[in-house]
Amino acid sequence: TAEASHITSIAVVSTNTAESIPAVPTLIPTSTAWALENIIYQHLCSITVSDFPEANRDNVKRVQFTITEKGGYCSWVIPLNRYNATSKKQVTFWVKGEKGGEQYEVGIKDIKTSSGFEPKAPETASASWTQVIIPLRDGFANQDLSSLENFSLNFKVGSGTIYVDQLIFTP
């Protein structure tokens with residue numbers, strides 16, 4: 001079992017000391033994503049993020065989403081505040097679905113890319129805790145890793161609940 005960490009703060013692991021990036025989750029649900037912060041278009045989707053107690057884990061986040069109309073799109077966005085990830089090789093986190101089979105995409109946006117046009121890696125949650133490891137140089141090679149704006153989980157299909165823990169950039 002992995003040691004739990006707070007998802008409201010992204011731990012940056014290095015060989016010397018760990019850094020911490022304050023990150024307050026922001027919900028941006030819209031049909032095209034990336035509209036105005038905290039505006040919810042209920043006819044397209046709904047999303048809620050809350051704390052969830054889990055044995056052997058601290059501060060797990062429960063992300064519940066429902067796409068209510070074709071073309072609906074919801075995102076849970078964690079600001080990275082121009083974080084420099086050039087020395088990091090991957091981003092990892094733990095996830096499980098309430099039922100398994102929940103589909104989502106992982107997005108990492110730099111400050112130069114227009115909102116909604118950042119690359120996204122498709123993922124599917126299983127019903128048990130699984131570590132997701134995404135190499136930054138592969139799926140996000142065109143992003144300016146020296147100035148990251150945000151990390152997001154994006155939902156475009158159906159409805160469901162996933163649980164997320166221990167978001168980390170690693171060397």
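This is a predicted model: local features need pLDDT of at least 70, side-chain atom pairs count only at pLDDT 80 or more; totals for chains, interfaces and linings use all residues.
Gln-166 lies in strand β12. The protein chain that holds this residue has 1 helix and 12 strands.

**Overall build**
- Read from the N terminus, the elements follow the order β-β-β-β-β-β-β-β-β-β-α-β-β.
- Of the 171 residues in the protein chain, 47% are buried.
- Among contacts with a separation of 6 or more, 75% are between residues 24 or more positions apart.
- The protein chain has an accessible surface of about 8300 Å², and carbon and sulfur atoms account for 49% of that area.

- In soluble globular proteins, nonpolar side chains tend to be buried together.
- The largest nonpolar core here contains 32 residues, and those with the most contacts inside it are Phe-93, Tyr-104, Phe-151, Leu-153, Ile-162 and Phe-169.
- Strands that each supply at least two residues of this core include β4 (45-54), β7 (90-97), β11 (148-155) and β12 (159-170).
- Strand β6 provides the largest share of the core, with 5 residues.
- Leaving aside residues up to four places away in sequence, Phe-151 touches several residues, among them Trp-76, Ile-78, Phe-93, Val-106 and Leu-167.

**Residues with positive phi**
- Most residues other than glycine have a negative phi.
- Gln-166 has a positive phi near 60°.
- Asn-56 also has a positive phi, near 65°, and is placed in the loop between β4 and β5.
- Asn-56 counts as exposed because its relative accessibility is 63%, over the 50% limit.

Definitions and conventions: Residues are numbered from 1 along each chain as its sequence is written. Side-chain values use heavy atoms; hydrogens and water are left out. A nonpolar core is a set of buried Ala, Val, Leu, Ile, Met, Phe, Trp, Tyr and Cys residues joined through side-chain atoms within 4.5 Å. Buried means under 20% relative accessible area, exposed over 50%, partly exposed in between (1.4 Å probe, protein chains only). Helices (H or I, at least four residues) and strands (E, at least two) are DSSP runs, numbered from the N terminus. Contact means heavy atoms within 4.5 Å. Accessible areas come from the Shrake-Rupley method with a 1.4 Å probe; for residues, only the protein chains shown count as cover.
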